[in-house]
Structure formats: structure tokens, C-alpha cells
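Morning, everyone. Please look at the side chains on the next slide.

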Amino acid sequence: MGTFSRICASIALASVIAACSGIETTPGPVDTFAAGNYQYYKWRSDPLPANSRSSDPVYQADPILRRELNRQLQAKGYVLNPELAQFSVDYIQAPGLAMGEKSEQASNLTPYPTVLPNRQVNQAVVDNAEALGGVKETQNVSIQFNDVRSKSEVWQVVISRIVENVNRTDPKELKDSLQKAVSQALESLPPAASAGAAQPDDAA
């Protein structure tokens, strides 16, 4: 199964499970990542503009996701160092619907890691789903690690979060839920390699 298919399949699965608990994560196997003996990382994309589209949940989530990913990675011993980076970190955001349905926009996920701002669920799809009852909008985040030298994916985890109120974003609820989600998402990630095992010069 290709990267694109695995992303879409993972998000569909995570969306279904999320209906039960509000936040669910679907991590990929860590074998390839663990074999890389990584220690240094960098962000592949720049942060979204801080004061742009402040009401858009994608823009509100960006600094929280970056801060929490940095915090969790550094707690495992990884070092943010663009010059010595051996792997890069990025994420994709896409809305969806729980109970197995996802929006048209969610099908536009690409295997190339990048931040995709302003991905909104088609309102007609949401209205139809709500009319059926029991269907909730979800916000799906695919976090992807790529090897810097080979530019290939070495690890991925999909987070699916139930959005209780699609018309209003509660900053505190968003922060709390993303903190919990990122912490849960990175649980299976192994700690960083020791300085002796890592070879940052090879990643240049």
C-alpha cells in the first residue's frame, strides 16, 4: 500500500475510533525510525503567520502543535538543530467526519509533508451528517517524520480529535486537547540515540 493510501486509510480508521473517546491516535510502526539512530531534527515547514486568520482553527492549532511536538521530542532526548538535523518533522491537517465518513477535503491529503491551512469541511456535508444524527466533525492531524538524507518517510502518526462546536473554537479546550493528543501520539516513539550512536555529519 502506498503512502497516500496509508494516510487516508489511517485517518478513516482513526475517525471511526475517535467517536468513542474524543481523541484517538494511530501510530505507524517505529522499526524504521528506531533503526536510524536519530538524535537531531528540524521542522520542514515554517510556522504559519502568527497574526493571520486568527479565527481559523488551523492557524490557532499550529503554534500549539509545534510547541507540544518540540516539548515531547526533547523530553525523549531529541535535539532541535537544523544544521545537524537527521530527520525532519511536519504535519498535515484535514477535517473529517466520525463514524467512518470523511469530507471531500480530507481526501486531498498528500504524501508530501506540509502544513495545509484553511481546510474546511463542506458545510452541506456537515449539515447532512448532523441530520442523520450521531455524526461529529473531527480534526485529523497526520504527523510525519522524514529522513533528511533520503527524504523518505520514516514514521507517521495520525491524530483524530472530535470537534464539539464547529462554529466556535475554545482556545483552552484546543490547547488541552492537543497537549493530550501529542503526548499520546508520541508514546510509542523510542528515545533519542546517544551522542555516540548518532552520526549528525552523515545527515548533511
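F33, Y38, Y41, Y78, F87, F145 and W155 form one aromatic cluster. The model is predicted, so local features need pLDDT of at least 70, side-chain atom pairs count only at pLDDT 80 or more, and totals for chains, interfaces and linings use all residues. Residues are numbered from 1 along each chain as its sequence is written, and side-chain values use heavy atoms, without hydrogens and water.

Now, pairs. Rings of Phe, Tyr and Trp (its six-membered ring) pair if their centres lie within 6.5 Å; planes under 30 degrees apart are stacked, over 60 edge-to-face, the rest tilted. The structure holds 9 aromatic pairs. One of them is F33 with Y38: tilted, 4.9 Å centre to centre, 35° between the planes. Both F33 and Y38 are buried (under 20% relative accessible area; exposed is over 50%, partly exposed in between; 1.4 Å probe, protein chains only).

Next, charges. How many salt bridges are there? The count is 3, taking a side-chain nitrogen of Lys or Arg within 4 Å of a carboxyl oxygen of Asp or Glu.

Take D62 and R66. Their salt bridge is 3.0 Å, N to O. Both sit in helix α3 (residues 57–75), 4 residues apart, about one turn. Helices here are DSSP runs of H or I, at least four residues, numbered from the N terminus. D62 counts as buried because its relative accessibility is 2%. R66 is buried too, at 7%.

R66 also lies over the face of W43, 4.6 Å from the ring centre. The rule: NZ of Lys or CZ of Arg within 6 Å of the ring centre and within 35 degrees of the ring normal.

Last one: K172 bridges to D176, with the closest N and O atoms 2.8 Å apart. K172 is exposed, because its relative accessibility is 57%.

Methods. Helix = DSSP H or I, 4+ residues; strand = E, 2+ residues; numbered from the N terminus.
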